[in-house]
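Dear colleague,

Please find the structure below, handed over for your own use. My notes on it follow directly after.

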Amino acid sequence: MTRFSYDDSDVVVVVGSGAGGGTVANELCQRGLKTVVLEAGPHLTGEDYHQDEWPAFAQMAWGDTRTTSGSWQVAKDFPNLPAWLVKAVGGTTTHWAGACPRFKAHEFTARSTYGDLEGTSLLDWPIALGELEPYYDKAEIKMGVTHRHGRPPLPANNNYKVFANGAEKLGYRYYSTGPYATNAEPYDGRPATLQDGFNFQGDKHGSKWSTLVAELPKAEKTGHLDLRPDSHVAQIEHDAKGRATGVLYIDRNGTLRRQRAAVVVVAGNSIETARLLLLSGSPQFPDGLANSSGQVGRNYMRHTTGTVWGQFDKPVRMWRGETMAGVIADESRLDTDRGFVGGYYMETISLGPAFLAKFIAPGRWGSHISDLLDGYRNTAGMWIVGEDMPRADNRITLSGDTVDQHGLPVANVHFDDHPNDVAMRAHGQRQGAAVYKAVGALKTIETPPYPSTHNLGTARMSQRPRDGVVDRFGRAHDVPNLFVADGSVFTTGAAANPTLTIVALATRQAEYIATELNKTLA
Amino acid sequence: MGSTLVTAQDRQTLVNVVSAAFPHSTFPRGPYERAADAVIAQAGTDPRFLAQLLQGLTDLDAQREVRFSELDAETAGAVLRGADGSPFLTSIVDSAIVTLYSDPEVWDLLGYEGPSYDKGGYVDRGFDDLDWLPDPKIEFEDEVPA
């Protein structure tokens, strides 16, 4: 295990080890750069994971307190759990299911395509699809995405059979079992899936791509990775010239440590990344680091989501097999005649009885809950995930008086649904119900949004420094050796699940850092 | 362990509260008892919740001529709805919904199979055994036009 000295100011410090941080770290290590990864959570591995929803959640989830505000239903249902993310090595790639759609060309020009929609802060990305395509290829190859680059598709599981037959009957055309970043056959030293049905709880078998099983072990082999779990970064430090000089973090013993750095890359997921930049304010940067635009924490997006369950008179057993290996892409098209802008995907989903009972109508009880559970065996499920609108006041701020176990102010997550989000969710739930009714559902049930798994936009990319926080490579407009590598940089959210795009952007960013480090940064 | 302040009668009432909140005709009493015991254990670590629990159970027992646990299912449901939204009932429901539907006996009754990794997953055990619909295509033909 490699260790670099606290005073080694040549290292790149990466905060967070998920899709963005883990990928940047590996790409930097492959180029011979000394890399220190500071991960707030513990180093769990496949053997540690529980195939039991609540113990798994308790083990993996970011359970440190957060607060919420705004009119979104999550603030009412889960006031201290606005997001369902992982605090462990590998970050939320250990929890994600694996769906890997790419962005479409028009989704990089949301402002130009959708127009000046009232109550939004839409902006075009400073990059186009063409610029990212080679990195999408690299990311898909890295992740072993099915249906791409010669990787075979996953077979149809029971939940998919219901979903796909309903799609066909409804006249949908673009349905399939992927693209999906879990091995249908052995690939990259990892085995084929056992179809064991557990994704959100961590994959014990290692068939699913995550930075835990793919990027970080590869980085480790180079001898250039210093991975430090249980290390919570409290502040990014800077010098009088406004350059980052390192970070202060709390180690597993509660000791405050300083790690010097040539470059700092922040990838703590959209809520913690914004929180850390805000916590890193100083007399020189009174509104937080990299925040001269006032945009840090703003434009928070969480995708328009909802779930539809269909119950039948025959068994489905949706819990068997790969949870999200099923997608209907027809509604992701550009078509503003549906009463909303943006598109959405329908994707198969399954929850065990414990989470289904909790999420189906949070806080409620009675026979309408228990009757649905009685039909559990005969239930099929799908998730709606679509583009939501960025809004300046949907934002992460530091909570006034609530602090975490380290005494640091926690993040408050404020969100108000835009009317476009509401219209899209209603459309998606109606279409989802129609899919199940087309194959004989006795009843369909709509579940409100879960705590957010797709957290985006709080340090967005912009051409002009006044419109966002980072540039086209994820470099802070204000701080030349500070980068952001997670979904915070998304200028707009698109309909696609974000992980593939985060990995593509992080791969591109690492290439840029490695090139620049010997020129302007060093 | 729960507090000694929780009497056998209190526990009896609590078991009936949980079963009235999540009524399943197929469930025996065991899972409801385990869910109630988890509520009592939680209250044992939280004096405020314990106080609400003791007072709330006493109140429920006083709602009708007979104790709560002697009410028929319909009346019990109606009495419970009268307490909907109270901190007392909310705390019970929040705890019981977790325990009840994490209970392996309940999983079995609902048809859920629980952990599968030590059995080799479902790759050879029916992940695709649904036979009442035709086998659908799994490949996409091309990309959705923008």
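Is A:Asp404 buried, exposed or partly exposed? A:Asp404 is partly exposed, with 16 other C-beta atoms within 10 Å; a residue counts as buried if 20 or more other C-beta atoms lie within 10 Å of its own, as exposed if 12 or fewer, and as partly exposed in between, the C-beta atoms being placed from the backbone.

Please note that this is a predicted model, in which local features need pLDDT of at least 70 and side-chain atom pairs count only at pLDDT 80 or more, while totals for chains, interfaces and linings use all residues. Residues are numbered from 1 along each chain as its sequence is written, and chains are lettered from A and ligands numbered from 1 in the order in which they are written.

A:Asp404 lies in the loop that joins strand E14 (395–403) to strand E15 (409–414) of chain A. Helices (H or I, at least four residues) and strands (E, at least two) are DSSP runs, numbered from the N terminus. Apart from neighbours within four places in sequence, A:Asp404 is in contact with A:Asp64, A:Thr65 and A:Val410, contact meaning that the C-beta atoms of two residues, placed from the backbone, lie within 7 Å. A:Thr65 is 339 residues from A:Asp404 in sequence, yet the two are 6.5 Å apart in space, C-alpha to C-alpha.

The buried residues of H2(B) are B:Pro31, B:Tyr32, B:Ala35, B:Ala36, B:Val39, B:Gln42 and B:Ala43. Viewed down the axis of H2(B), they fall within an arc of 135°, so they line one face of the helix; the arc is that of the directions from the helix axis to the C-beta atoms. On the other side of H2(B), B:Arg29 and B:Gly30 are exposed.

The buried residues of H2(B) pack against helices H1 (8–21), H3 (47–61), H5 (87–100) and H6 (104–110) of chain B. H1(B) packs on H2(B) at an angle of about 115°, and their axes are 8 Å apart; axes are lines fitted to C-alpha atoms, for helices over the stretch in contact, and angles run from 0 to 180 degrees between N-to-C directions. Among the residues making this contact are B:Leu14 and B:Val18 of H1(B) and B:Ala36 and B:Val39 of H2(B).

As for H5(B), 10 of its 14 residues are buried, so that this helix is mostly covered.

Yours sincerely
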